[in-house]
Amino acid sequence: MTQEPALQIATPLDARTPWTRRHLLDLDELSRDEIETILETTDAMKEIMGREVPRVPALRGRTIVTLFYEASTRTRASFELAGKALGADVINVAAGGSSVEKGESLIDTVRTLEAIGAEVLVMRHPAAGAPYLVARHLSASVVNGGDGQHAHPTQALLDLYTMRAHIGDMRDKRVVIVGDIAHSRVVRSNIWGLAAMGAKVVVCGPPTLLPAGMRHGQQQTEEPLALPHVEVETNIDTALEGADVVMALRLQKERMHGGLIPSIREYATLYQITPERLARAKTGALVMHPGPINEGVEISPEVATSLQSVIEEQVTNGVAVRMAVLYLLARGKA
């Protein structure tokens with residue numbers, strides 16, 4: 001069997017923009033060039049994933065720990081696969097069944113994990129800001145795998161990577177995000193990332209599912225949102241007009257409190273992405289969804305499985321993006 005070529009990617013020493021960050025907590029901290037460095041590194045990781053044996057020893061001897069206080073399938077599995085593909089030792093820790101159930105604090109838990117050798121900690125926590133707190137107490141690198149309703153940076157990066165693969169330069173592209181804007185950590189990270197890449201972002205949903213202070217017709221940039229310029233629409237037909245990308249969001253029913261929508265049926269009637277509504281977007285507009293999907297609620301089955309849909313590709317790209325992030329953070333600590 002022919003031996004696979006060695007890993008050929010930009011390192012922190014020869015990348016166009018040298019990687020100097022110790023943590024990845026959200027995209028509001030990253031410049032356009034830093035995002036480009038991650039995306040370009042992801043190109044090399046995609047090449048590795050396409051090999052007969054998708055494994056390289058780039059992080060051999062390094063230890064990556066995933067610590068998830070919330071349920072996850074895509075994010076957790078893709079980080080585990082990403083670490084193993086790079087040759088790292090990967091340890092998965094769930095809050096259930098760990099010392100957390102005995103009353104151990106978050107800081108005590110992460111310090112214990114660092115003491116046993118964790119060099120990169122990937123964490124998901126229901127409290128917004130938890131990864132930031134942890135990052136202040138560890139010398140290990142921290143990757144935010146989702147914190148409350150605040151941020152999910154690697155999801156936004158894989159979304160950007162998928163968009164770029166199909167439509168190239170994101171400058172002036174119209175990206176419409178439809179659904180539960182108020183409770184989505186994905187949308188916040190996507191807004192920061194898309195703004196950095198020069199896209200025009202439109203958010204659309206019922207008024208009750210827009211964050212406090214975000215109103216129809218506004219381009220909100222003031223506190224408490226502290227987000228880049230976004231166009232706000234409550235009429236989905238208007239929002240989808242001329243869209244290059246349409247992203248549906250899952251209704252975050254587990255985060256809702258008290259009658260924010262009359263019923264699931266009414267929400268689907270008013271805001272579901274259907275073929276008829278998608279026809280208002282540009283021909284060939286990308287259809288995306290961060291998952292998990294509630295087919296027949298936020299997106300129709302016909303649209304979710306259409307030729308315009310890149311939802312499965314998003315999942316695949318998630319492994320390559322997380323490989324790139326782990327590589328840059330772990331090698332940056334060398």
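What follows is a walk from the pocket to the rest of the fold.

Modeller: First, the ground rules. This is a predicted model, where local features need pLDDT of at least 70 and side-chain atom pairs count only at pLDDT 80 or more, while totals for chains, interfaces and linings use all residues. Residues are numbered from 1 along each chain as its sequence is written, and side-chain values use heavy atoms, with hydrogens and water left out.

Now the pocket. A pocket here is an open set of points on a 1 Å grid over the protein atoms alone, where a 1.4 Å probe fits, with protein on both sides within 12 Å along at least five of seven lines; lining residues have an atom within 4 Å of a point. Points are joined across faces, edges and corners, and the volume is the space filled by probe spheres set on them. The lining has 20 residues, and the closest to the centre are Arg124, Arg185, Arg250, Gly291 and Pro292. Helix H2 (74–85) and helix H6 (185–196) are the elements that give two or more residues to this lining. Helices (H or I, at least four residues) and strands (E, at least two) are DSSP runs, numbered from the N terminus. By class, the lining has five nonpolar, eight polar and seven charged residues. Ala, Val, Leu, Ile, Met, Phe, Trp, Tyr, Cys and Pro count as nonpolar, Asp, Glu, Lys and Arg as charged, and the others, Gly among them, as polar.

Look again at Gly291 and Pro292. A cis peptide bond joins them, with omega about -10°. Pro292 sits in the loop between strand S9 (286–288) and helix H10 (301–304).

The largest cavity has about 30 Å³ of space. Ile181, Val187, Arg188, Ile191, Pro211, Met214 and Leu227 line this cavity. Six of these residues are nonpolar, none polar and one charged.

Next, a helix pair. The axes of helix H1 (residues 32–49) and helix H5 (residues 153–167) come within 10 Å and cross at roughly 70°. Therefore H1 is roughly perpendicular to H5 (65 to 115 degrees). Axes are lines fitted to C-alpha atoms, for helices over the stretch in contact, and angles run from 0 to 180 degrees between N-to-C directions.

One backbone detail is left. Asp172 has a positive phi of about 70° although it is not a glycine. Asp172 lies in the loop between H5 and strand S5 (174–178).

Terms used: Angles under 35 degrees count as roughly parallel, over 145 as roughly antiparallel, 65 to 115 as roughly perpendicular and the rest as oblique.
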